[in-house]
Amino acid sequence: MRITPSILNANFAQLGAEIARVPSADAIHIDVMDNHFVPNLTIGLPVVESLRTTTDQMLDIHLMIADPDRWAPAYAETGAESVTFHMEAAKAPVRLARELRAKGARVGAALNPATPPMALKMILGEIDMVTIMSVEPGFGGQAFMDLVLPKVAAIRRMISAQNLDIWVQMDGGISLETIERCVEAGADTFVAGAAVFRAEDPDHMVRDLRTLAEKTTPGLGAHGCGCGGHR
Ligand code: DX5
Ligand code: ZN
């Protein structure tokens, strides 16, 4: 189980120091927003390039931008280990995924809450992670949307059926109150923004979230044996 805290709710005046507060994180989730794909504007390429120089932790770039075909390769070139684009925004997702892999990055494909799992079916062999939004993208601190849980299970079954090794990341409203049902649905990677950076001790919260996730029985097909999951 992986915990990838989002810095969206961290102190933007000292992002380097904020990243240093979560040494137990498996990756740092960086939400790039362009105020076109989502109604919010956060950080872009120059900030990611600077953050790259401040930490050797894995960087998990979440591009909530209108033109990932144009910009996603540049984020891979920063040395970020993982770059995620939205299926709703990419004009040529297979070509983009292959371009990102060619630049040495892991590839994530993200789905907004209302986008069905079938949107991923043809691209699963080209990606390393699926990011399932459990809130409408654009802001941290929103309430978790349980309606996406059946989608998580369906995507986990699609992955198991093709015997692929793809991380299933959930993003939005993840906390000690919601992470267990996400594991049960089949997720194994968890973004947490407010739950971590609003906590008294963010790193302690990262460890608590991982402990709770690892104590929870994974969902259908989540053990990756390719059987499509035991009942
Ligand atoms: C929302 C972002 C999420 C958000 C998660 O558009 O993609 O990564 O920062 O924050 P919480 O955990 O507070 O919902
Ligand atoms: Zn995100």
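The largest pocket of this predicted model has a volume of about 240 Å³, where a pocket is, on a 1 Å grid over the protein atoms alone, an open set of points with protein on both sides within 12 Å along at least five of seven lines, and a volume is the space filled by probe spheres set on the points, which are joined across faces, edges and corners. Of the 26 residues that line this pocket, those closest to its centre are Phe139, Gly140, Gly141, Gly172 and Gly173; a lining residue has an atom within 4 Å of a point. By class the lining holds 12 nonpolar, 12 polar and 2 charged residues, with Ala, Val, Leu, Ile, Met, Phe, Trp, Tyr, Cys and Pro counted as nonpolar, Asp, Glu, Lys and Arg as charged, and the others, Gly among them, as polar. At least two lining residues each come from β2 (28-33), β3 (59-64) and α7 (194-197), and β2 gives the largest share, 3 residues. Helices (H or I, at least four residues) and strands (E, at least two) are DSSP runs numbered from the N terminus.

Residues are numbered from 1 along each chain as its sequence is written, while chains are lettered from A and ligands numbered from 1 in the order in which they are written. Because the model is predicted, local features need pLDDT of at least 70 and side-chain atom pairs count only at pLDDT 80 or more, whereas totals for chains, interfaces and linings use all residues, and side-chain values use heavy atoms, with hydrogens and water left out.

An open sheet is formed by 8 strands in the order β1-β8-β7-β6-β5-β4-β3-β2, with parallel pairing, and two strands count as paired if DSSP finds at least two bridges between them. The edges are β1 (2-3) and β2, each of which pairs on one side only.

Although β2 is an edge strand, 6 of its 6 residues are buried, so β2 is largely enclosed by the rest of the structure; buried means under 20% relative accessible area, exposed over 50%, and partly exposed in between, with a 1.4 Å probe and protein chains only. Ile28, Ile30 and Val32 lie on one side of β2 and His29, Asp31 and Met33 on the other, and all of them are buried. β2 runs parallel to β3 and is joined to it by 6 bridges, with methionine 33 opposite methionine 64 in β3.

Between these two strands comes helix α2 (residues 45-54), and β2, α2 and β3 make a right-handed β-α-β unit, right-handed meaning that, with the strands pointing away from the viewer, the path from the first strand over the helix to the second runs clockwise. Arginine 52 belongs to helix α2 and is buried, with a relative accessible area of 16%. Leaving aside neighbours within four places in sequence, arginine 52 is in contact with Gln57, Leu59, Thr78, Gly79, Ala80 and Glu81, contact meaning heavy atoms within 4.5 Å.

Further along the sheet, 5 of the 5 residues of strand β7 (residues 167-171) are buried: Trp167, Gln169 and Asp171 point one way, and Val168 and Met170 the other. Strand β6 (residues 129-133) runs parallel to β7 and is joined to it by 5 bridges. The chain crosses from β6 to β7 through helix α5 (residues 149-161), in a right-handed β-α-β crossover. Parallel to β7 there is also strand β8 (residues 189-191), joined to it by 3 bridges, and the chain reaches β8 from β7 through helix α6 (residues 179-185), again in a right-handed crossover. Methionine 170 stands opposite isoleucine 132 and also opposite phenylalanine 190 in β8.

Most residues other than glycine have a negative phi. Asparagine 35, in the loop between β2 and α2, has a positive phi of about 60° and is partly exposed, with a relative accessible area of 45%. Asparagine 163, in the loop between α5 and β7, has a positive phi of about 55° and is exposed, at 57%.

Finally, a search of the whole structure finds 1 cavity of 30 Å³ or more, a cavity being a set of points where a 1.4 Å probe fits but cannot get out. The largest cavity has a volume of about 40 Å³, and its lining includes Trp167 and Gln169.
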